[in-house]
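Below is a short note on the secondary-structure packing, for reading alongside the coordinates.

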Amino acid sequence: MQELKETEFKDLFKEENIGEQKFVRDCQIDTDLEMHIPDDYVNNINERLALYTELDSIEEEEKLQKFKKNLVDRFGPLPSSVTELFYAVRLRWVAKKLGFERIVFKNDKLRSYFTSNQESPYYQSALFTNIIRYPQSQPKKAHFKQTSKHFLMVMDNIKSMKAARQALLELHIFAGGTATV
């Protein structure tokens with residue numbers, strides 16, 4: 001009897017534990033938008049590379065704002081390509097939380113690739129179940145596509161990196177996440 005109770009207890013909290021897991025380590029973003037630190041903004045290539053490395057390690061808004069302030073203090077007002085880069089960083093944060101390992105944002109289409117690991121506990125999680133329900137409740141906003149190698153969610157009419165982030169943030173909230181990512 002005691003063993004049965006322990007099993008029931010573990011099963012009760014199994015879904016909660018999966019929800020806390022990180023299903024992907026990173027999310028690659030491929031886009032046709034101009035997002036970079038221009039040569040004429042930061043002249044020294046080694047300094048630009050160091051800034052990219054630092055930016056890549058930032059995982060929260062407060063640190064991103066501090067990074068932005070330091071850039072403006074040192075180099076002047078941000079070029080639009082750097083602003084787009086910051087939105088891409090924010091998009092990557094949300095995409096990782098949603099379990100997407102790759103984002104392709106081209107021609108006003110946002111393609112979000114689910115993890116390629118077919119055995120991942122992600123596919124048994126409440127997060128994935130809720131994401132699957134999203135196109136059913138929002139058919140004009142998203143649909144799924146299956147290729148020979150990948151399963152992905154496609155969102156049309158996304159015009160900017162900021163809008164792409166907002167679309168995934170809305171999905172994150174729908175899937176049970178918070179608005180702050």
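1. Two strands count as paired if DSSP finds at least two bridges between them. The model is a predicted one. In it, four bridges join S4 to strand S5 (residues 151-156), and these two strands run antiparallel. Phe-151 in S5 is the bridge partner of Gln-146.

2. S4 and S5 belong to an open sheet of five strands, with the order S1-S2-S3-S5-S4 and mixed pairing. The edge positions are taken by strand S1 (28-31) and strand S4 (143-146); each has a single partner strand, so one side of each is left without a neighbour in the sheet. From one strand to the next, the twist averages 20°.

3. Two helices lie across this sheet. Helix H4 (residues 80-98) lies across S1 and strand S2 (100-106), and runs at about 140° to S2. Helix H6 (residues 161-174) lies across S1, S2, strand S3 (109-114) and S5, again running at about 140° to S2.

4. Next, a helix pair. Helix H2 (residues 45-57) packs with helix H3 (residues 61-75) at an angle of about 160°, and their axes are 11 Å apart. Angles over 145 degrees count as roughly antiparallel, which makes H2 roughly antiparallel to H3. The crossing of these two helices is left-handed.

5. Which residues of H2 and H3 meet? From H2 they are Glu-47, Leu-51, Glu-54 and Leu-55; from H3 they are Leu-64, Phe-67, Leu-71, Arg-74 and Phe-75. By class, the contact of H2 with H3 has six nonpolar residues, three charged residues and no polar ones.

Key
Residues are numbered from 1 along each chain as its sequence is written. This is a predicted model: local features need pLDDT of at least 70, side-chain atom pairs count only at pLDDT 80 or more; totals for chains, interfaces and linings use all residues. Side-chain values use heavy atoms; hydrogens and water are left out. Axes are lines fitted to C-alpha atoms, for helices over the stretch in contact, and angles run from 0 to 180 degrees between N-to-C directions. Angles under 35 degrees count as roughly parallel, over 145 as roughly antiparallel, 65 to 115 as roughly perpendicular and the rest as oblique. A crossing is left-handed if the near helix is turned anticlockwise from the far one by less than a right angle, and right-handed if clockwise. Contact means heavy atoms within 4.5 Å. Ala, Val, Leu, Ile, Met, Phe, Trp, Tyr, Cys and Pro count as nonpolar, Asp, Glu, Lys and Arg as charged, and the others, Gly among them, as polar.
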